[in-house]
Amino acid sequence: MKVDNLGDTRDTLDALETRDPQERERDLMARLPQLIERARSAPGWARILEGVDSAAIDSRAALATLPITRKADLKALQTASRPFGGLAVTPVGELSRVYVSPGPIFDPEGRGQDWWRFARPMYAAGVRAGGLLQNCFSYHFTPAAFMVEGGAARIGCAVIPAGAGQTEMQVQAIADLRPDTYVGTPSFLRIIIEKAREMGADISSMRNALLGAEALPESLRAWFRENGVPHVFQTYASADIGSMAYETATGGVLNPGMMLDEDVVLEIVRPGSGEPVAPGDIGEIVVTLFNADYPLIRFATGDMSALLVDAGPSRCGRTNSRIRGWLGRADQTTKVRAMFVHPSQVNNIVRRHPGILKARLVVTGRMANDVMTLHCEVATAPDAAQAAAIVESIREVTKLRGEVRFESPGTLADDGKVIEDLRDYS
């Protein structure tokens with residue numbers, strides 16, 4: 001089927017993307033035991049997964065019993081065991097590259113084709129064999145630019161390795177070489193467009209943009225359309241996982257949500273816990289990645305999202321699940337009277353009291369005069385003794401005084417928040 005290069009996604013990179021959803025799920029679950037067993041050959045995973053029967057991890061329910069490993073823990077893990085915290089299976093010298101992200105956090109890249117699985121979002125954004133793209137992700141220390149390089153090599157298009165900065169040269173390269181696609185951050189694309197206007201340069205060849213690493217508000221997407229880049233796509237990726245989800249379009253019109261990658265099992269869990277939320281509820285993204293060099297098992301990204309439900313099949317023909325996109329950060333840690341309060345502590349309090357269906361810790365007042373109130377959804381209001389027991393749990397777990405307030409089921413907003421800071425900072 002003929003596909004233009006203007007972001008019209010009427011076909012797919014490969015047949016995996018159009019599989020029957022049940023076939024995909026069976027395949028992913030069948031691969032889990034082998035993934036767990038391979039991961040356990042790395043010392044870090046051997047410790048984390050100690051006592052786990054790999055063969056028994058063959059369903060989402062079984063996967064949900066495994067411990068969470070958080071992105072926020074990587075620095076401590078890597079400090080204790082250089083360079084990858086004992087989580088990499090492939091020895092350092094057999095890798096292709098080692099990256100250094102702020103922290104510092106070290107990330108590996110193996111030698112396989114399209115190792116970061118970036119061809120899928122690029123193809124969905126209109127990148128095709130024989131095309132030319134301007135890669136404006138940084139080539140310095142971090143992997144984003146090399147994710148693009150790997151995807152381009154798989155698709156068969158050429159790359160201008162522009163990197164970030166040197167805006168006038170960026171504009172001149174676009175004007176002279178006529179690339180059809182920009183790949184990079186949204187903020188730098190806007191800078192390039194504004195500089196081109198200032199220089200009077202023609203960059204009208206660049207009709208597609210695949211954007212990442214920053215939030216993309218709808219107002220900025222509209223600005224790009226108004227300024228000559230009509231086909232703008234967003235991708236969700238990270239330096240440790242690679243591509244996780246991406247936008248698609250049909251007939252030049254974006255489809256709802258972001259399509260999941262074919263090599264990840266994604267869970268949405270309640271922040272501060274490893275417990276999956278109901279489909280459609282907002283929670284923290286947890287990824288299990290099928291990667292032979294750097295397997296990740298229940299890796300909590302710290303980002304919030306929700307599965308897209310009741311939307312029907314995507315018009316682009318891809319059949320995988322979709323998420324709503326990036327909906328904020330899950331780390332809602334808050335400092336109260338010089339003490340940090342973590343979402344995991346709220347979860348601990350809830351587990352102590354089975355009558356609590358859902359809870360949110362709300363901090364009010366002014367700084368130095370903080371008031372903590374645990375809002376609890378309950379089917380039946382507890383008696384005075386039970387209420388006192390919850391107050392005591394708040395004190396024991398957080399080492400701070402707190403109050404409790406009972407709400408009827410469905411009262412608390414479904415926005416994934418476990419801790420809400422409503423203090424007056426004026």
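Trainee: Is E17 buried or exposed?
Mentor: This is a predicted model. In it, E17 has a relative accessibility of 1%. E17 counts as buried because that value is under the cut-off of 20%.

Trainee: Where does E17 lie?
Mentor: E17 belongs to the segment that comes before α1 (21–39).

Trainee: And which residues does E17 touch?
Mentor: Leaving out residues up to four places away in sequence, E17 touches T12, R24, R120, Y246, E262, G317, R318, T319 and N320.

Trainee: Let me turn to R117. Why does R117 count as buried?
Mentor: Its relative accessibility is 9%, so R117 falls under the 20% limit.

Trainee: What is its phi?
Mentor: R117 has a positive phi of about 60°, although R117 is not a glycine. The residue sits in the loop between β3 (105–109) and α5 (119–124).
Mentor: F141 is also not a glycine, and its phi is positive at about 75°. F141 is placed in the loop between β4 and α6.

Trainee: Now to β4. Which way do its residues point?
Mentor: Strand β4 covers residues 132–135. L132 and Q134 point one way, L133 and N135 point the other way, and all are buried. In general, side chains in a regular strand alternate between the two faces of the sheet.

Trainee: How many bridges join β4 to β5?
Mentor: Four bridges join them, and the two strands run parallel. Strand β5 spans residues 158–161, and P161 in β5 stands opposite N135.

Trainee: A change of topic: how many residues has the largest nonpolar core?
Mentor: That core has 65 residues, and W45, M122 and I297 have the most contacts inside it. Nonpolar side chains tend to be buried together in soluble globular proteins.

Trainee: What is W45 in contact with?
Mentor: Apart from neighbours within four places in sequence, W45 is in contact with A39, R40, T69, G86, L87, P295, L296 and I297.

Trainee: Lastly, which peptide bond is cis?
Mentor: The bond from R82 to P83 is cis, with omega near -5°. P83 is found in the loop between α4 (74–80) and β2 (97–101).

Technical notes:
Residues numbered from 1 in each chain as written. Predicted model: local features only at pLDDT ≥ 70, side-chain atom pairs only at ≥ 80, totals over all residues. Heavy atoms only, no water. Buried < 20%, exposed > 50% of the residue type's maximum accessible area, 1.4 Å probe, protein only. Pairing = 2+ DSSP bridges. Core = buried A, V, L, I, M, F, W, Y, C linked by side-chain atoms within 4.5 Å. Contact = heavy atoms within 4.5 Å.
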